[in-house]
Amino acid sequence: MPRYSLPLALFVFSSASLISQEHPFEPTACLNDGIQALQKWYSQETGRWNTTDWWNAANATTVLVRYARMAPSPEIKSAIENTFVKNSDKNFLNKYYDDEGWWALAWLDAYDWSHDARYLDMAGKIFADMQQGWDDTCGGGIWWNKDRKYKNAIANELFLSVAARMAADAPDAKAKAAALDWAQREWKWFDTSGMMNAQGLVNDGLTPACKNNTRNTWTYNQGVILGGLTALSAATKDHALLNRAQSVATAAISQLTDAQGILHDRCEPKCGADGVQFKGIFARNLGDLNAAAPAPRYRTFLLANAESICRIQSADHRFGVVWSQPSEEVNAATQTSALDAILAAAHSEKP
């Protein structure tokens with residue numbers, strides 16, 4: 001696999017960007033072209049992206065919102081609003097609590113960006129439904145879905161993230177306090193659940209006997225816990241939570257990357273409908289952690305992955321599932337995942 005240099009240019013929140021002499025690689029064109037390529041999959045009729053599933057659309061919405069913060073445009077704003085309107089008839093609820101969590105985070109991001117109360121209200125409805133997944137099996141935590149047969153990492157990490165974010169955004173003091181209580185309960189349970197292994201990584205979930213099932217340490221499971229702990233630290237002013245997040249981040253970067261520092265999931269190059277989304281979620285949440293507790297190693301990681309993605313992009317600015325070399329598996333989910341990484345790298349260069 002080729003080795004890529006790490007520099008990335010300074011990206012600022014304006015129509016123009018300042019190119020740092022120290023970091024000659026400029027992400028703006030790659031980012032803009034990648035967003036335009038993503039939107040070629042977008043269906044105005046459904047408010048979602050062709051070639052992807054329901055939960056992937058939530059992550060694509062998050063990418064659009066985060067891009068809109070950096071490069072506002074009427075077209076992007078219209079797409080976000082259209083996705084909300086076309087898909088809100090069932091309040092973004094379904095059988096899977098992790099699907100619900102992705103949509104809640106998307107609308108919390110949209111609210112923080114736009115201050116449109118519709119988005120916060122929707123996130124609150126989703127959060128309320130997620131709470132119904134909690135019971136005393138294995139001592140607590142929410143179920144993966146409403147069949148109540150599996151307690152796993154991703155649903156609980158998302159519940160932590162949504163609760164901690166609601167503690168900041170909820171419309172009144174009572175709702176903020178209730179959300180914070182849920183976030184603290186979730187983290188107390190998760191921390192002792194056994195899903196974090198001896199290598200400092202998060203496995204997929206628990207056995208029926210409530211033990212670590214030793215299933216794959218997917219990149220997105222390492223990522224979402226970073227976002228949840230970062231948000232909970234902001235809500236509680238507890239810096240120790242950032243230390244825990246940094247421990248997971250360091251373990252993931254050490255164990256889930258190749259010799260050039262490029263992130264991989266074990267499923268590559270054939271990751272199906274779900275696995276193609278995972279790596280960008282890690283990069284996004286690492287970027288949030290780095291914003292709260294900057295570390296040179298995290299910035300270096302983000303820059304290396306963004307530059308590698310941009311150097312191997314196709315002629316039509318599409319990004320595949322593998323970030324170190326061209327790959328055949330290319331769709332709206334692989335595009336979104338890569339864009340998450342490029343956005344996180346651009347944010348890491350913010351003054």
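What is the pairing when the bonded cysteines of the protein chain are numbered in sequence order? It runs 1-6, 2-3, 4-5. Keep in mind that this is a predicted model, where local features need pLDDT of at least 70, side-chain atom pairs count only at pLDDT 80 or more, and totals for chains, interfaces and linings use all residues. Residues are numbered from 1 along each chain as its sequence is written, and side-chain values use heavy atoms, with hydrogens and water left out.

Searching the whole structure turns up three disulfides (cysteine sulfur atoms within 2.5 Å). Take Cys 30 and Cys 310, whose sulfurs sit 2.1 Å apart. The S-S torsion here is about -90°, so this disulfide is left-handed. It ties helix H1 to helix H12 across 280 residues (helices are DSSP runs of H or I, at least four residues, and strands are E runs of at least two, numbered from the N terminus). Cys 30 counts as buried because its relative accessibility is 5% (buried is under 20% relative accessible area, exposed over 50%, partly exposed in between, with a 1.4 Å probe and protein chains only).

Next, Cys 138 bonds to Cys 210, S to S 2.0 Å, with a left-handed -80° about the bond. Cys 138, at 24% relative accessibility, is partly exposed, and Cys 210 is too, at 26%. The link between Cys 267 and Cys 271 is right-handed at 95°, and both of these cysteines are buried.

Back to H1: its buried residues include Cys 30, Leu 31 and Leu 38. Among the elements covering the buried residues of H1 are helix H2 (54-70) and helix H12 (296-311).

Conventions. Contact means heavy atoms within 4.5 Å.
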